[in-house]
Amino acid sequence: MIIDCHGHYTTEPKELHDFRQRQIAGVKDPAQTPSAAPKISDDQIRDSLENAQLKLQRQRGTDFTIFSPRASGMGHHIGDAGVSLRWSQICNELIHRVCTLYPKNFIGVCQLPQSPGVEPATCIGELERCVKEYGFVGCNLNPDPSGGYWTTPPLTDRWWYPLYEKMVELDVTAMIHVSASCNPAFHTTGAHYINADTTAFMQLIMSDLFKDFPTLKFVIPHGGGAVPFHWGRYRGLALNNKRPPFEELVLKNVYFDTCVYHLPGIELLTKVVPVDNILFASEMVGAVKGIDPQTGFDFDDTKRYIDQLSFLSENDRWKIFEGNARKVYSRLAARLDKAAA
Ligand SMILES: [Zn+2]
């Protein structure tokens, strides 16, 4: 089985975007705030996926996607916590409907109703609802709800602890994932995403967070940002700061995905980061669109790169494609085992 641990619903029906535009207009002019949730039929949801995720799953030979709302659309910096909560609930419900219509193709991960300056503890209710009512297996955790201004304490600060306590209790994993940048210096997917991945890792190696939460699990997406390329720098910085070796410090808790859109990058990732810490992912559809003229295949067809790694053993390949996802998302493993029984 091939499990893609990082997919977003980026082909949502237009009604969702219309709702959001009105909701954003309502931040300045409350009269514009939509009173009802967007009306979207099951057929609209099917249509939105048949020519996108489902077609690509079939074409590329992947089986299952851990699926969450569009990350750049989370927009935690827009409006207040109430706006963020309503938007998160609507996006999460839509993911739940996708997963209910296609239980063999998708399992859900939720968007959290974060808001700049507001304690992450306020996200516990929505996380718990999504896990207990919808069967979701994780959340996307935004380390910078300000959208590129980094006004929030680091992920290792006690500010975040109540949310981590709930994650541990529910046995769910967070992908550390920012949303759109509203800082013109940072392009959203080209700079802000990669900066955040790198920043989160540096925060984690400087702290004892995983002593306080030995079973807490994070996935750092986009191949870990700059981390694998600069693994020596980070190991050296850890040593300089008298931090324990990575095996003790982070490697039981922190995982990297394979959303790196060229073969040399995947070669580097899989040579540098232990295979036990790498999960297959593509972030399809749309983080980087289109065909790479050098290969003739889509940039985000990441399975092809892994298939080309001759130095991986069959067991290593299984870990990247399936085994590690089962280990990191234990609720997913339970679901798959139940379906197979
Ligand atoms: Zn993403």
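**Group meeting: cysteines, a zinc site and a pocket**

Let's start with the cysteines. The disulfide count here is zero. Keep in mind that this is a predicted model. A disulfide would need two cysteine sulfur atoms within 2.5 Å. Take Cys 91. Its nearest cysteine sulfur belongs to Cys 130, and that is 11 Å away. So Cys 91 is in no disulfide, given the 2.5 Å limit. Is Cys 91 buried or exposed? Its relative accessibility is 6%, so Cys 91 counts as buried.

Now Cys 99. The nearest cysteine sulfur is again that of Cys 130, here 10 Å away. Cys 99 is in no disulfide either. Cys 99 has 10% relative accessibility, so this residue counts as buried too.

Next, the metal. Which residues are the protein donors of the zinc ion? They are His 6, His 8, His 177 and Glu 283. Each histidine gives its NE2 atom, and Glu 283 gives OE. The donors lie 2.0 Å from the zinc ion.

What about the geometry? The four donor atoms subtend angles of 98 to 125 degrees around the zinc ion. The arrangement is tetrahedral because every angle falls between 85 and 135 degrees.

Look at the spacing along the chain. It reads H-x1-H-x168-H-x105-E.

The largest pocket has a volume of about 350 Å³. How many residues line it? There are 19. Closest to the centre are Ile 194, His 222, Cys 259, Val 260 and Tyr 261.

Which helix supplies the largest share of that lining? Helix α7 does, with four residues. Both α7 and α11 (263-272) supply at least two residues each. By type, the lining has eleven nonpolar residues, seven polar and one charged.

Last stop, Trp 231. You'll find Trp 231 in helix α9, residues 231-240. Why does Trp 231 count as buried? Its relative accessible area is 11%, and buried means under 20%. Now check its distance to Leu 269. Along the chain, Trp 231 and Leu 269 are 38 residues apart. Their C-alpha atoms are separated by 9.8 Å.

Note on methods. Residues numbered from 1 in each chain as written. Predicted model: local features only at pLDDT ≥ 70, side-chain atom pairs only at ≥ 80, totals over all residues. Heavy atoms only, no water. Buried < 20%, exposed > 50% of the residue type's maximum accessible area, 1.4 Å probe, protein only. Donors = N, O, S within 2.8 Å, 3.2 Å for Na, K, Ca; no water. Tetrahedral: all angles 85-135°; square planar, octahedral: opposite > 155°, others 65-115°. 1 Å grid on protein atoms, 1.4 Å probe; cavity = no way out; pocket = protein on both sides within 12 Å on 5 of 7 lines; lining within 4 Å. Points joined across faces, edges and corners; volume = space filled by probe spheres on them. Nonpolar A, V, L, I, M, F, W, Y, C, P; charged D, E, K, R; others polar.
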